Amino acid sequence: MSKTKDLTKLSVTQLKQFLTSFDVVMSDFDGVVWQIDHPIANAFESLATLQKMGKQVYLVTNNSTRDSSAFSKLARHASLDISPDHVINTIKVIIWYLKKINFQDEVFAIVSNVARKQLIEAGIKLVEDPKFFADNQTATVNEVIDRPSVKAVIVDFDVTVNWMKLALAISCLERKDVLYIVGIMDNWINIKTSPKINILGPGPYIHIISSQTERKPIVCGKPSSILKDYIFDKCNVTDPRRCLFIGDSSDQDMQFASMCGFTKLFVSTGVDTLEKAQKQEDSCPDYYLPTLGQLFAAVEDLQNLCATIKN
């Protein structure tokens, strides 16, 4: 298994050494602790146990279809006490970035309704989506012509994306001073069922916008330098080597963890296999578990272990 260590094969003493090697835990959500509409068995409980050991726990996800409070509630229902401040998703990072550069102008956003609400609540001025007039082509065309007030275009996951939204985004981005910001860029969203399901992601319509405008977007999801900057600015990470990053994807989670200098733990309950993650140096995990719920499966006295690690 290359240099990847299988945590299920460690002795209790070796597991203790592993558990004392980090102070901060950052975990992906979908495919690690959650699967479509239900929690993955004992995964939240494993994070809760790490929390009892004194570890700071964060959820880091490219999923913007829920806000931080919704993620927090799902975690609490499954025993993990995590505040919205410890939930990081693409829209939260985009808001942070816009405030960091003191952006004050209007934005056209191709995002979910939940993300749109978050942007508005953060004080981001959004223009209305373009309207279609079935009996008036001139009015429809006017809706997708460049709007000079728009100084940024944000693109993330949006189930209602259509020709009009793409056309307006492209029109605005013809002006090179307009910021082009994206969150998740996946071509496919993989759902690990039996058999595995692939659902079209936002990547294809982002590629359309990028190719038609010849613009390279500012990426704020995993893996990106903007997200890295956010984490080191907002989260209590003083030594990246003492941060454990848990994920199920090689291209997103493992590569992002490498970018940040974090210790990498790969679980195979999500989109990728361990074999795929091990193919490249920057995605090869340091540790492996078939499922996060197995982290403490071999420990007989969990309460005593928690006390030992915390002290």
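Buried here means under 20% relative accessible area, exposed means over 50%, and partly exposed lies in between, calculated with a 1.4 Å probe on protein chains only. Helices (H or I, at least four residues) and strands (E, at least two) are DSSP runs, numbered from the N terminus. The model is predicted: local features need pLDDT of at least 70, side-chain atom pairs count only at pLDDT 80 or more, and totals for chains, interfaces and linings use all residues. Residues are numbered from 1 along each chain as its sequence is written, and side-chain values use heavy atoms, with hydrogens and water left out.

**Stop 1: strand S5**

Select residues 56-60, which form strand S5. Four of these five residues are buried, so the strand is largely enclosed by the rest of the structure.

Then bring in strand S6 (residues 87-88), whose parallel pairing with S5 comprises two bridges. Here Val87 in S6 stands opposite Leu59. Right-handed means that, with the strands pointing away from the viewer, the path from the first strand over the helix to the second runs clockwise.

**Stop 2: strand S15**

Move to residues 263-267, strand S15, where five of five residues are buried. Both faces are covered, with Thr263, Leu265 and Val267 buried on one side and Lys264 and Phe266 buried on the other. Select strand S14 (residues 243-247) as well; S14 and S15 run parallel and are joined by four bridges. Leu244 has Thr263 of S15 as its bridge partner. Between these two strands the chain crosses through helix H10 (residues 250-260), and this β-α-β crossover from S14 to S15 is right-handed.

Strand S16 (residues 287-289) also runs parallel to S15, joined by three bridges. Tyr287 in S16 is the bridge partner of Leu265.

**Stop 3: helix H7**

Select residues 163-173, helix H7. Nine of the 11 residues are buried, so the helix is largely enclosed by the rest of the structure. Among the buried residues are Met164, Lys165, Leu166 and Cys172. Which elements cover them? The cover includes S7, helix H6 (137-143), strand S9 (150-155), strand S10 (179-182) and helix H8 (203-213). At the start of H7, display the side chain of Asn162: one of its oxygens comes to within 3.1 Å of the backbone nitrogen of Met164.

**Stop 4: backbone features in loops**

Select Ile36, in the loop between strand S3 (34-35) and strand S4 (38-39). Phi of Ile36 is near 65 degrees, a positive value in a residue other than glycine. Is Ile36 buried or partly exposed? Ile36 is partly exposed, at a relative accessible area of 46%.

Continue to Asn102, in the loop between helix H4 (90-100) and strand S7 (106-110). Asn102 is likewise a residue other than glycine with positive phi, near 60 degrees. Asn102 is exposed, with a relative accessible area of 53%.

Finish at Pro223, in the loop between strand S13 (218-219) and helix H9 (225-234). The peptide bond joining Lys222 and Pro223 is cis, with omega about -10 degrees.

Key
Two strands pair if DSSP finds at least two bridges between them. Contact means heavy atoms within 4.5 Å. A polar contact is a pair of N or O atoms within 3.5 Å; within protein, one must be able to donate a hydrogen and the other to accept it, and residues adjacent in sequence count only if both atoms are side-chain atoms.
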